[in-house]
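This report is for a reader who is meeting the structure for the first time. Please look over the sequence and the model before reading on.

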Amino acid sequence: MKRIENGKQVKLITKGDILLLAAVAFFAIIGLVIWLIQPQGEVVCVYRNGKRIAEYALHKDGVYTVTCEAGFNTVTVKGGTVCVTEADCSNGVCMRYGAISRVGQSIVCAPHGITVKIEGNSGIDAILSWEFSV
Ligand SMILES: [Zn+2]
């Protein structure tokens, strides 16, 4: 776009402005894509002695009871967070972890050998870790 000002041409939008706008738009789109894809990619995985015994969607509220010969743990998924709300283990440490919501975080119940872990889609993990490392 050009405008006549005091008899000479003045460029209103420079090449730098266009590049800046393109960069802003690019990162806005990447952010939107991550935001749109991530909730579907996150799952709550329950491991018992290293073996995956259950899997729940993190974006879907629910109360699940995991039982094993040692006892039970009640896993509550609510509003994108997960916590152990009830357990009959000897120390009750798992219930004191509070709610976790990020990929990679976990709740451990040592007496029962149970680990509740949030896992994500590997592709999205790669994008996020790249973004955080920059
Ligand atoms: Zn426990």
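## Strands S5 and S6

Strand S5 and strand S6 (residues 71-78) run antiparallel and are joined by seven bridges. The two strands make a hairpin, with two residues between them. Within this pairing, Gly62 lies opposite Val77 in S6.

S5 covers residues 62-68 and is hardly covered by the rest of the model: of its seven residues, the number that count as buried is zero.

## Confidence in the model

The model is predicted. For the protein chain the average pLDDT is 85, and 78% of the residues reach at least 70. Residues 123-127 have a pLDDT below 50; this stretch has seven contacts in the model beyond near neighbours in sequence.

## Arg48 and its surroundings

Arg48 belongs to strand S3, which spans residues 43-48. Is Arg48 buried, exposed or partly exposed? Arg48 counts as partly exposed because it has 18 C-beta neighbours inside 10 Å, while a buried residue needs 20 or more and an exposed one has 12 or fewer.

Which residues does Arg48 contact, leaving aside neighbours within four places in sequence? The contacts of Arg48 are Ile53, Cys68, Gly113 and Ile114. Cys68 falls within the residue range of S5, 62-68. Arg48 and His112 are 64 residues apart along the chain, and their C-alpha atoms are separated by 7.8 Å.

How values were computed: Residues numbered from 1 in each chain as written. Predicted model: local features only at pLDDT ≥ 70, side-chain atom pairs only at ≥ 80, totals over all residues. pLDDT = per-residue confidence, 0-100. Contact = placed C-beta atoms within 7 Å. Helix = DSSP H or I, 4+ residues; strand = E, 2+ residues; numbered from the N terminus. Pairing = 2+ DSSP bridges.
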